[in-house]
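Colleague: I'm new to looking at protein models. Could you walk me through this one?

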Amino acid sequence: MSEGRCMKCKKQVEIKDAKKVKSKKGKEYIRGVCPKCGTTVCTFKLD
Ligand SMILES: [Zn+2]
């Protein structure tokens, strides 16, 4: 499971519907939604 910081809840949440996305610069990151408020949450992979 991936975690990211929700800007609305202002805390670390478990990302729902997490999908791997590649940015224009070729960096991979995870994008999904906050399970509590539905706000888009992104997190960069730390590897
Ligand atoms: Zn939230």
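Predicted model: local features only at pLDDT ≥ 70, side-chain atom pairs only at ≥ 80, totals over all residues.

Colleague: Okay, which residues make up the largest nonpolar core?

Modeller: Here's the general idea: in soluble globular proteins, nonpolar side chains tend to be buried together. In this model, the largest nonpolar core has five residues: Cys-6, Val-13, Ile-15, Cys-34 and Val-41.

Colleague: What does Cys-6 touch, leaving out residues up to four places away in sequence?

Modeller: Its contacts include the core members Val-13, Cys-34 and Val-41. Cys-6 also touches Lys-11, Cys-37 and Thr-39.

Colleague: Let's take Cys-37, then. Is Cys-37 buried or exposed?

Modeller: Cys-37 has 12 others within 10 Å, so Cys-37 is exposed. You'll find Cys-37 in the loop between S4 and S5. Beyond four places in sequence, Cys-37 is in contact with Cys-6, Lys-8 and Cys-9. Lys-8 is 29 residues away from Cys-37 along the chain, yet their C-alpha atoms are separated by 7.6 Å.

Colleague: And the sheet? What is the order of its strands?

Modeller: The order is S3-S4-S5, in an open sheet with antiparallel pairing. S3 (16–22) and S5 (40–44) each have a single partner strand, so one side of each has no neighbour in the sheet. On average, neighbouring strands here are turned by 25° against each other, ignoring direction.

Colleague: How many bridges join S3 to S4?

Modeller: Five, with S4 covering residues 28–33. To see where they line up, look for Lys-16, which stands opposite Val-33 in S4.

Notes:
Residues numbered from 1 in each chain as written. Pairing = 2+ DSSP bridges. Helix = DSSP H or I, 4+ residues; strand = E, 2+ residues; numbered from the N terminus. Axes fitted to C-alpha atoms, helices over the stretch in contact; angles between N-to-C directions. Core = buried A, V, L, I, M, F, W, Y, C linked by C-beta atoms within 7 Å. Buried ≥ 20, exposed ≤ 12 C-beta atoms within 10 Å, placed from the backbone. Contact = placed C-beta atoms within 7 Å.
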